[in-house]
Amino acid sequence: MGEKIMVKGTEAIGEAAIRAGCRVYFGYPITPQSELTEYMSRRMEEVGGVFLQAESEVATVNMMYGASSVGARVMTSTSSPGFSLMQEGISYMANAQLPGVFVDVVRGGPGLGDIQPSQGDYFQIVKGGGHGDYRLPVYSPSSLQEAVELTIHAFDVADKYRTPVVIFADGMMGQMMEPVEFPDPIDPGSLPEKDWALTGAKGRNARYVTSFDIDPYKLEKMNKNLQEKYKKITEEEQKWEEFMTDDMEVLFVAHGTVGRIVKSTVKMARDKGIKAGLFRPISLFPFPYQRLSELADKVDIVMTVEMSAGQMLEDVKLAVLGKARTPFYGRLAGVIPTPGEILEALMKELGR
Amino acid sequence: MEHKLIAAGFGGQGVMLLGQLVATAGMIDGKHVTWLPSYGPEMRGGTANCTVVVSDEPVASPVVDTPNEIVIFNIPSLLKFEPTLDKDGILVMNTSMIDREPSRKDIKVIKVPANDVADKLGVLKAQNMVMLGAYIEATKAVSFESVIKALEKKMTGKKAKFLDVNKKAIEEGMKIAREQLG
Amino acid sequence: MEKVSQEAMVIAKMPESLSKKEFTYCPGCHHGIVHRLIAELIDEFSLREKTVLVAPVGCSVFAYEFFNVDGTVAPHGRALAVATGMKRSRPDLFIMTYQGDGDLAAIGTAETIHAANRGERVTTVFINNAVYGMTGGQMAPTTLLGMKTTTSPYGRRPEKEGYPIHVMEIMKELPGVAYAERVKVSRPQDVPKAKMAIKKAFYAQLLDIGFGIVEVLSTCPTNWGMDPVEAGRWLEENMVKEFPLGVYVDKVTEVMKEKGVK
C-alpha cells in the first residue's frame, strides 16, 4: 500500500482496475462516467494496455466478449442508458462464461432521465436486464476506498467463477473526492493462465467458447452448470456491513452511497435517543438474506432507504418475511436524500 | 469535531478548487475528509457548489443538510445557503460580489472584499484564495501549512508560477478574518 | 516411380483446418465451398494453431464447429466487435469473422462500418445470398428489387422496402479497408478466383495493412425455392447484375510486391 491521495471516484475505480492487472478497456462516453473512460484512455497508454473508444455500448460489450474470450482481464464503464444497451452482450457473456467487469455509474431514469445520482437500476443490474436464466455478482461500494477494494475483488471473482461482475456505483460515487490508498499493482503476467481461453489450437484440440447449443438437453446441462455456479457464489461471496446493530431497536437497510448517508441518520437518531442501526448489503447478488433475516428478529421496524421507488425493498422483504414492518423512504430522479430528511421519515414511521 | 462546509458561487469563481484544497489539506492534517461537488449543466454559468466534510472520525454522509460553515461567493448562493447554516455557524462572504447584508442574527459573519484584495495583488483570479484564507482562519478546520502543501500539489507545471501570489492571497484573507474575529 | 505416382494421385484431401464434422448445409448452398477455401488457406499459411474464428448468427452459426480451429459465436451482427476485442487483446492471433448479409449488413451495420473504418486487422468473409436463411427466407438488406421473400411477399419495392445495400461499394469509401472484393463461387472457374480474393484479405491482416473483406455472392436454393442448378443460374443472371463483381479496394498487392510476397 502506498500513501493516501485525494482522488475522484471515477479515477479511483480506473486506477484500481489497472492495479488489478486489467490491460484492456473499451468504453463509450456517457455522463456521469465519461471521466473514467478519459482516465483509462490516458492510463492504458502508460501501462502498455489497450484502450478503444467503441462506436456504441453495443459494440463495447461485444469487444469485451472478444477480449475476454482470448483471455484478457477486461473492463468497461457506463451509465444507465448505456448499460441497457449492453444487456444482450452481458447475457451472452454469462452463458459463454466469460469474465469481465462492468462499472455502472447509475443516473436518473427511465429513458434519458437525468445525469444525477440514482439507484433506480437495481432491478436491471441485480435481477438481470438481459434474457435467460443468469445472475451477475454485483458489488455496491459506499466509499472510494471500498470502491478500490471491490473493483480489484470484482476481477478476481470474475475470473474465479468465469462470470461478468458489476460494480454498482452512482454519480455521487463517481464525482466525489476522498483520500484513497491504492494497493501495489498486480503484474498481469503473473495471473494464472485461463485453460478455456481461445489462444489458438496449438498442441491441443480446438476450443469453443459459446453461449449456444441447439440441443435442448445439452443446453439444459449448460444452464444447470450456471445455476450450480450461482449457488456456489451465493454460499461463498456474500458481503455486508453492520453499523450499530448490537443494541438497536430500529434497523435501516441501504446500499452504496445511500448506505453511507444513512450512517449519519443513525447517529442523529441516537442523539435523539432512538437506537437505530444500519445493515448495508455490499454484495447485492448474492444478497445477504440470511444475516438480514437474523437482524430482523431483533426489531419491529426494518426501514429501507434507496434512491429509487423501492427496488432493493423487495429483497429486504424476502429476507424479513413479515417478521417486522418494512417501511420505505426513497428519493427519485437523481435527488439525493439527506440524513435529516431520512430521520424525519423514520420519526413519522415511529409516530413521533 | 466535524467541519461541514458548503462553498458556493458562480461557475468559474474557483469554488470547487477552494473545496478541494480544504479537503486535501484536511487529509494532510490526518483528518477524514470528503469532497462532493454539485455537477451537471448548472456548473456552466449557473451556481456551483461543493460540500466538504473534515472530521476526526470516518465521514458518514458526504451530503449535508445543515452545514456549520459556508463560504459564499454570490447573491444567489447567499439566498440558497444562508437559511441552511447551523445556529452559531460561520458565514464567510465575498462582499466584492454581494452588496447586501445577511439576514440571520444567530451566526458569525466574516466579510471579505476578496476581489478587491486579489486585484491589489495583481491577480483577480486569486479571489478564491483570499476567501480560503479567511475561511481557515475563522474555522481552524485545516492548518495553513497543509493548505500550502495541498496548493503545491495542485499548482504544478505552468501553474507553479502562481504559487506565491496564491499564498499571499491566502495570508491576506487570514488577516482580514483575524481583524474581524478580534 | 510407383511411390511418386501414388503421391501424385492425391489431388484433393481434406484440409487439416476443417473438423471431421459433416456440414449441415442444404444441398446446393455455397457455404460448404467457401468453408473449404478458408480452411485450405489457413492450412497453406500454417495459421491453424493461431486462428480464432468468429461465427455469426444465421445459417453459418455452426461454422465454428466445422473448422478445426478455436472459435466462438458472436451475438447477431456483432462479429466484428467481438473480433476487434480479440485482435486488440491478442495481436498475435489470426482473427476471422464469417458473416451473412443480415448479420453483417442489417443488424451489424454499425459494427461492420466502424471496424472497417478503424482498419481492424481482421479478415471477414461475407456471404451474400440476398435472403435470411436460418429464420426461413425473410427479406435481407441485400434482397433484390422485385424479389419475393416471406416478409416481402409482393416483391421488394423501393418505395416500401428500400433498395438492396451494396457493402463493397460502402467499403470503398472507408480508409481503414485494405482489401475488398466481390466474388462468386457458382461456376468451377470462379472458385480459384474466390480463393485468391480471400488470400488477399488474409494478407491484409498478416501484413498489417488494414481490414480485409471478401463478399461472396451465394445461392440459397431452399429459400429461393429452386433446385441448385436453377439457383446457380439465377445468381448469374440476377445477383451479378445488381452486385458487380470485382476488386473494390486493394492496398495489399502493392505491399506484397514491396515485400516480395507471392
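**Chat about a predicted three-chain model**

Biologist: Hi! What does the domain assignment give for chain A?

Modeller: Hello! The assignment gives domain 1 (5-236) and domain 2 (241-350) in chain A. Keep in mind that this is a predicted model.

Biologist: Thanks. How far apart do the C-alpha centres of domain 1 and domain 2 of chain A lie?

Modeller: Those centres are 28 Å apart. Domain 1 of chain A puts 26 residues into the contact, and domain 2 of chain A puts in 21 residues.

Biologist: Which elements of chain A each supply at least two residues of the domain 1 side?

Modeller: Helix 5 (122-128), helix 7 (171-175) and helix 8 (216-236) each do, along with strand 6 (138-139) and strand 7 (164-170). Helix 5 of chain A has the largest share of that side, with 3 residues.

Biologist: And how do the residues of that side divide by type?

Modeller: On the side of domain 1 of chain A that touches domain 2, you'll find 13 nonpolar, 9 polar and 4 charged residues.

Biologist: OK, changing topic to the chains. Which pair has the most contacts?

Modeller: That would be chains A and C, among the 2 pairs of chains that touch.

Biologist: Let's move on to chain C. How many helices and strands are there?

Modeller: Chain C has 12 helices and 9 strands. Its radius of gyration is 18 Å, close to the 18 Å that the globule rule gives for 262 residues, so chain C is as compact as a globular protein of that length.

Biologist: Nice! What box do the C-alpha atoms of chain C fill?

Modeller: Along the principal axes, the box is roughly 60 × 45 × 30 Å.

Biologist: How much of chain C counts as buried?

Modeller: 54% of the 262 residues in chain C count as buried.

Biologist: One last thing: what share of the contacts in chain C between residues at least 6 apart in sequence join residues at least 24 apart?

Modeller: For chain C, that share is 68%.

Terms used:
Residues numbered from 1 in each chain as written. Chains lettered and ligands numbered in written order. Predicted model: local features only at pLDDT ≥ 70, side-chain atom pairs only at ≥ 80, totals over all residues. Helix = DSSP H or I, 4+ residues; strand = E, 2+ residues; numbered from the N terminus. Rg over C-alpha atoms; globule rule 2.2 N^0.38 Å. Buried ≥ 20, exposed ≤ 12 C-beta atoms within 10 Å, placed from the backbone. Contact = placed C-beta atoms within 7 Å. Domains from an automatic or database assignment. Nonpolar A, V, L, I, M, F, W, Y, C, P; charged D, E, K, R; others polar.
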